[in-house]
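Here is a walk through one protein chain, from single residues to the whole fold and back. Please keep the sequence and the model open while reading.

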Amino acid sequence: MASFEMYREADPVMSKEIRDVVPAHYVLKIKSFSLFAKNNMGKYESGEFEAGGYKWKLILYPNGDKSRNGEDHISIYLAISGTNPLQLGGPIHVAVRFSLYDQICDRYLTEQERVTRFHALKAEWGVPRYMPLKIFADPSNGYLVDDTCIFGVEVFVIKSSGVGECLTLKASASYTHQWKISRLPSLGEDYLYSDVFTVGDHKWKVWLCPRGDYSNRGQSLSISLGLVEADKLASGQKVNARYVIRLKGPNNFVHQPEARTTSFSSSTVWWGWPSFMPLKTVQECLTDDPCFIEAEVTVLGTISKLP
């Protein structure tokens, strides 16, 4: 089978694929293709079809669109239909795929174009030099067999949901807060909170549950970092921070999990380690005072909703 180069109106190259799937939105089957030339029909517009909430037409120049340098080629276009282009109300961004059926291999040669834009001054888009007529008309290539051919098109309208976020990075603001704890192994089930400290224009504190939180009661010591006054953040705003909490005891004892990077918000105030350390380890290694909890916090930036 002969190979050929696909042409288009702009510079970026179209990607190709050979597939079994029939074009999703419209198929145009043409019988007695040779009568286009004999009947002096230089252009054919298909019936309307709907895709992405709009009506469209497939436009075919069987002997090439000479006004756009399409001589000796099949020219194919997609045009918006059923709507006055001047009444579109704004641009429509569309990804278009034109297909040509290979009747010998029972597959579709499909060209996927980059996203194009339809607007009041551009109501159609396509490929003036889609395929050389010499290659198209050769029955051994499978595109025109018994004077019959099949074209197809898929139209994917891209509509923005308006959902997104804005990450505002900040110069790294770090601080290590040290909290002295006495008689850690003998502390009860009451929750303890450190003094409030400030990092990167935000206030923080550490939460300690000496006997474990609800899911780890009597098994592990639980520690978390909390954003103070998180309810004062703007709607949808988050504070992105990297943090680690370490526990230091006598005889150079240090327990430190891996640092984490997390976004704190009004709905997610606390992040930490429910199973920070088994209570058995606390009883065995931290019998003497003093113990220190160190919270090292780096504020990386803020995240807000796109306006």
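Does Cys209 count as buried or exposed? At 0% relative accessibility, Cys209 counts as buried. Buried here means under 20% relative accessible area, exposed means over 50%, and partly exposed lies in between, with a 1.4 Å probe and protein chains only.

This is a predicted model, in which local features need pLDDT of at least 70, side-chain atom pairs count only at pLDDT 80 or more, and totals for chains, interfaces and linings use all residues. Residues are numbered from 1 along each chain as its sequence is written, and side-chain values use heavy atoms, with hydrogens and water left out.

The overall layout comes next. The domain assignment, which is automatic or taken from a database, divides the protein chain into domain 1 (15-158) and domain 2 (165-305). The centres of domain 1 and domain 2, taken over C-alpha atoms, are separated by 61 Å. Along its principal axes, the C-alpha trace of the protein chain spans about 100 × 45 × 30 Å.

In secondary structure, the protein chain has 3 helices and 21 strands. These are DSSP runs numbered from the N terminus, with helices (H or I) of at least four residues and strands (E) of at least two. The radius of gyration of the protein chain is 34 Å, well over the 19 Å that the globule rule gives for 307 residues, so the chain is more spread out than a compact globule. That radius is taken over C-alpha atoms, and the globule rule is 2.2 Å times the number of residues to the power 0.38.

Buried residues make up 44% of the 307 residues in the protein chain. The accessible surface of the protein chain comes to about 16,300 Å², and 48% of this belongs to carbon and sulfur atoms. These areas come from the Shrake-Rupley method with a 1.4 Å probe, and for residues only the protein chains shown count as cover. A contact means heavy atoms within 4.5 Å. Among the contacts in the protein chain with a separation of 6 or more, 67% are between residues 24 or more positions apart.

In soluble globular proteins, nonpolar side chains tend to be buried together. A nonpolar core is a set of buried Ala, Val, Leu, Ile, Met, Phe, Trp, Tyr and Cys residues joined through side-chain atoms within 4.5 Å. The largest such core has 35 residues, of which Trp56, Phe98, Phe136 and Phe151 touch the most other members. Elements that give two or more residues to this core include β2 (26-31), β5 (54-61), β7 (92-102), α2 (133-136) and β11 (148-158). A second, separate core has 33 residues, including Trp179, Leu227, Leu279 and Val282.

Leu28 is found in strand β2 and is buried, with a relative accessible area of 7%. Leaving out residues up to four places away in sequence, Leu28 touches Tyr44, Leu58, Cys149, Ile150 and Phe151. Leu28 and Phe151 are 123 residues apart in sequence, but 5.1 Å apart in space, C-alpha to C-alpha.

Cys149 brings up the cysteines. A disulfide is a pair of cysteine sulfur atoms within 2.5 Å, and by this rule the count comes to 0 disulfides. For Cys149, the nearest cysteine sulfur is that of Cys105, 16 Å away. Cys149 counts as buried, at 0% relative accessibility. Cys209 is likewise in no disulfide, and its nearest cysteine sulfur, that of Cys291, is 16 Å away.

Some loop residues are left. Gly142 is found in the loop between α2 and β11 and counts as buried, at 0% relative accessibility. Not counting residues up to four places away in sequence, Gly142 touches Tyr101, Asp102, Gln103 and Ile104. The C-alpha atoms of Gly142 and Asp106, 36 residues apart along the chain, are separated by 8.8 Å.

Arg183 is found in the loop between β12 (165-181) and β13 (192-193). Arg183 has a positive phi of about 50 degrees although it is not a glycine, and counts as exposed at 54% relative accessibility. Arg183 and Cys291 are 108 residues apart in sequence and 8.1 Å apart in space, C-alpha to C-alpha.

Glu229 also has a positive phi, of about 60 degrees, without being a glycine. Glu229 sits in the loop between β16 (220-227) and β17 (238-249), and counts as partly exposed at 36% relative accessibility.
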